[in-house]
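Student: I'd like to learn how to read a protein model. Could you walk me through one?

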Amino acid sequence: MCKKDPPLDVYKTKHVILVFVDGARYTETWGNGELALIPNRAALSTQGAICTEFYNLGITNTCCGHDAGCTGVNEAISNNGYQLPNWPSMFQYYRKAKNAPANKTWLITSKDKLHVLSDCVDTTMAGMFRPMFDCGINGPFTGYRDDSTTFARTIQKLQTDKPDLVVINFKEPDASGHAADTIGYVNGIIATDAYIGQLWSYLQSDPYYAGTTTLIVTNDHGRHTAGWLDGYVSHGDGCVGCRHIEFFAIGPDIKQNYTSTEQYELVDIPKTISQLMMFPMPTGTGRVMHDVLK
Ligand SMILES: [Zn+2]
Ligand SMILES: [Zn+2]
């Protein structure tokens, strides 16, 4: 344990919900001075913390970005849903450490290909300690579904299973961005922000979650910087627009009304969650985001 790590019994967090808003560019979220497209997060920000220097420093596509945010490792995996991460996820480490049943961990994604986050190649964990998953229209290789369905399924599972570690993917605004649908892209940011607001309200209304839940919002990647290649339509290289993403967190152990300017990246999220929930994450390469913790 390094000097900065407090004793492991200081955290109030018992549950963590991690939301990936797929492919929102920082300039449309916290980098937009008016915060006009994320009014719900803006309203919650007085109770939470943001990082202004948060990045995907790995490969800026969907599977790699989510992989980094769940395994704590930047690695190259296929973006088609046929290749599992090499390293175990926080789901697997959590279940193993806590002897938790599968339905205490849920992976709920609009994009079917993100079922890959439910397992790994590493032979010490492959096929073991997997979370429950609900991905795409009807599971792997059945297509993307509406975010409204993902949101409804999330609330349903929170009500019935009371999971303690949940990862959610909303396909917007990425899906509309790739379609070069400017209005859809903007509306996708607004709509996912509304789901996040409703999700936090639900968590505060449920005695199982109220006061003991940390909600984290990030993106798997951004999109090309305006003026570079086709701008907001695509992503996948190392430009600032693709790498610069958001980090917002709110919960009992998160500083309130706090803006961190320290540089962090996606692999730091699972490490931080493992610290808050007190389980080991030995293969994660990230660091605990002490700057946003109380
Ligand atoms: Zn994506
Ligand atoms: Zn780019």
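Tutor: Let's go from the whole protein down to single residues. This is a predicted model, in which local features need pLDDT of at least 70, side-chain atom pairs count only at pLDDT 80 or more, and totals for chains, interfaces and linings use all residues. Residues are numbered from 1 along each chain as its sequence is written, while chains are lettered from A and ligands numbered from 1 in the order in which they are written.

Student: What does the secondary structure come to?

Tutor: Helices (H or I, at least four residues) and strands (E, at least two) are DSSP runs, numbered from the N terminus. Here the protein has eight helices and nine strands.

Student: And how do I read the radius of gyration?

Tutor: It's taken over C-alpha atoms, and the globule rule is 2.2 Å times the number of residues to the power 0.38. For 294 residues, a compact globule would come out near 19 Å; this protein has 17 Å, which agrees. Its C-alpha atoms fill a box of roughly 50 × 40 × 35 Å along the principal axes.

Student: Which residues of H8 are buried?

Tutor: A residue is buried if 20 or more other C-beta atoms lie within 10 Å of its own, exposed if 12 or fewer, and partly exposed in between, with C-beta atoms placed from the backbone. Across the protein, buried residues make up 53% of the 294. Helix H8 (residues 268–277) is mostly covered, with nine of its ten residues buried; among them are Ile 269, Ile 273 and Leu 276.

Student: What do those buried residues pack against?

Tutor: Two residues are in contact if their C-beta atoms, placed from the backbone, lie within 7 Å. The buried part of H8 packs against several elements, including strand S1 (15–21), helix H2 (62–71) and helix H3 (90–98).

Student: At what angle do H3 and H8 cross?

Tutor: Axes are lines fitted to C-alpha atoms, for helices over the stretch in contact, and angles run from 0 to 180 degrees between N-to-C directions. Angles under 35 degrees count as roughly parallel, over 145 as roughly antiparallel, 65 to 115 as roughly perpendicular and the rest as oblique. The axes of H3 and H8 come within 11 Å and cross at roughly 20°. That makes H3 roughly parallel to H8. Met 90, Tyr 93 and Tyr 94 of H3 meet Pro 270, Ile 273, Ser 274 and Met 277 of H8.

Student: How far apart are the axes of H4 and H6?

Tutor: Helix H4 (residues 147–160) and helix H6 (residues 182–205) have axes 11 Å apart, at an angle of about 10°. The contact includes Phe 151 and Leu 158 of H4, with Ala 191 and Tyr 195 of H6.

Student: Is Ala 191 buried or exposed?

Tutor: It's buried, with 20 C-beta neighbours inside 10 Å. Leaving aside neighbours within four places in sequence, Ala 191 is in contact with Asp 147 and Glu 172.

Student: Where is there a cis peptide bond?

Tutor: Between Glu 172 and Pro 173, with omega about 5°. Pro 173 lies in the loop between strand S5 (165–170) and helix H5 (174–178).

Student: And which residues have a positive phi without being glycine?

Tutor: Ala 180 is one of them, with phi near 55°. Ala 180 is partly exposed, with 13 other C-beta atoms within 10 Å. Asn 257 has a positive phi of about 50°, and is exposed, with 10 other C-beta atoms within 10 Å.
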